[in-house]
Amino acid sequence: MSWLDMLCHPVWAVSTALLAIVVRLQRRGRWDPRACTVRLQGKTAIVTGANTGIGKFIALDFARRGARVILACRSEARGTAALKEIREKSGNSDIHLRLVDLSSLDSVREFAKGVLEEEKALHILVNNAAVSGLPRQITKDGLEVSFATNHLGPFLLTNLLLDLMKRSTPSRIVTVSSVNHRLGQVDFSHFHGENLTYFMDKVYNHTKLHNIICTNELARRLQGTGVTANSVHPGIVMTEVLRHYPFIIRFVFNLIGIFFFKSSEEGAVSSIYCAVAEETEGITGKYFDSDCSLVLPAPLARDAALAVKDFEISERVTSKL
């Protein structure tokens, strides 16, 4: 029997379908946001990249819980569409759109300035926005665009909003990373686009490692303030993060993903868990897997000396000279 005959055999087709069903059932985590009764009335939350994918479902969950939600989006058109959808589905009119381009440090500063001037409190910040597969590009700040968008922009935003979050305690910072951080490396010349290999998700993987390293160091620095900081892996999710990849890669990913990968709504669960669950109150400096369980990140992400260095260099790079 040839390989083609085997692949076309009914037994193979049935077993593959059964495997897909089993995997889909196992995708459900141990925590169900629909069963969580936590309300967020009187709370303010910011979600970056909230116009699509995981970010939109995180924002929708917060809205349904009664929070004042600020959608931090780059595209006004897509952000406005998400704003209308979330208001309609949640019945919560206290949803607002603020534009920010995380790859631009000036845009991040302008966004933070507006928040500090107009918001009396900030209880939840979810750093969700990210890009993958972009070609090499250097921003006007002299930064590699993927590093600016995925790490340095969110790093600056978080630090600019820290004082407000400290005045709003208890408050939580959640950074969406990825299991792919395990494939990342730390080379600070990457920040400026040097010594990088642009193939598939290699650059993305490096940025996700920096996310966890700096979140852990931030948590250490925030001990005793009432502000917690954790990072999460959302799972392998069917989102638009691959929109910059070649068509054939997106096609294969989406074809397989129909059976085996998480939806954006399922991918939002671990972030929502860290942001609202009573069980995570007071937990800080940790990394949560897509099933909401605490797991150890890669060894580099647990290197305390490297974390201090990474944080300090990120501070210098994003400082306004």
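Confidence to begin with. What you see is a predicted model. Mean pLDDT is 87. Of the residues, 82% reach 70 or more. One stretch to treat separately is residues 15–27, where pLDDT stays under 50. For that stretch the model has 13 contacts beyond four places in sequence.

Now the sheet. How many strands form it, and in what order? Eight, in the order 3-2-1-4-5-6-7-8. The sheet is open, and the pairing is mixed. At the edges sit strand 3, residues 95–99, and strand 8, residues 294–295. Each of these pairs on one side only.

Look at the strand 8 end. Strand 7 is residues 287–288. Strand 7 and strand 8 pair in the antiparallel sense, over two bridges. Phe288 has Leu294 in strand 8 as its bridge partner.

Next, what lies on the sheet. Helix 6 spans residues 145–166 and packs on it. Helix 6 touches strand 1, strand 4, strand 5 (171–176) and strand 6 (227–232). Its direction makes about 175 degrees with that of strand 4. Helix 3 also lies across strands: strand 1 (44–48), strand 2 (68–73), strand 3 and strand 4 (124–127). Helix 3 runs at about 170 degrees to strand 1.

On to helix pairs. Two packed helices are described by the angle between their axes and the distance between the axes.

Pair one: helix 5, residues 105–118, with helix 6. They pack at an angle of about 20 degrees, axes 9 Å apart. Helix 5 and helix 6 are therefore roughly parallel to each other. The crossing is right-handed. Helix 5 contributes Leu105, Val108, Arg109, Phe111, Ala112, Val115 and Leu116. From helix 6 come Gly153, Leu156, Leu157, Leu160, Leu161 and Leu164. By class, that contact has eleven nonpolar residues, one polar and one charged.

Pair two: helix 6 with helix 7. Their axes come within 8 Å and cross at roughly 20 degrees. That angle makes helix 6 roughly parallel to helix 7. This crossing is right-handed. On the helix 6 side we have Ser146, Phe147, Asn150, His151, Phe155, Thr158 and Leu162. They meet residues in helix 7 including Val203, Tyr204, His206, Cys214 and Leu218. What is the class make-up here? Seven nonpolar, eight polar and one charged.

The angle is about 40 degrees, and the axes are 9 Å apart. That makes helix 3 oblique to helix 10. The crossing of helix 3 and helix 10 is right-handed. Phe57, Ile58, Asp61 and Phe62 of helix 3 meet Ser271, Ile272, Ala275 and Val276 of helix 10. The residues of this contact divide into six nonpolar, one polar and one charged.

Last, the backbone. Most residues other than glycine have a negative phi, and most peptide bonds are trans. Two places here to check against that. Thr169 and Pro170 are joined by a cis peptide bond, with omega about 0 degrees. Pro170 is in the loop between helix 6 and strand 5. Then Asn195: not a glycine, yet phi is positive, about 60 degrees. Where is Asn195? In the loop between strand 5 and helix 7, which spans residues 202–221.

Notes:
Residues are numbered from 1 along each chain as its sequence is written. This is a predicted model: local features need pLDDT of at least 70, side-chain atom pairs count only at pLDDT 80 or more; totals for chains, interfaces and linings use all residues. Side-chain values use heavy atoms; hydrogens and water are left out. Axes are lines fitted to C-alpha atoms, for helices over the stretch in contact, and angles run from 0 to 180 degrees between N-to-C directions. Helices (H or I, at least four residues) and strands (E, at least two) are DSSP runs, numbered from the N terminus. Angles under 35 degrees count as roughly parallel, over 145 as roughly antiparallel, 65 to 115 as roughly perpendicular and the rest as oblique. A crossing is left-handed if the near helix is turned anticlockwise from the far one by less than a right angle, and right-handed if clockwise. Contact means heavy atoms within 4.5 Å. Ala, Val, Leu, Ile, Met, Phe, Trp, Tyr, Cys and Pro count as nonpolar, Asp, Glu, Lys and Arg as charged, and the others, Gly among them, as polar. pLDDT is the predictor's confidence in each residue, from 0 to 100. Two strands pair if DSSP finds at least two bridges between them.
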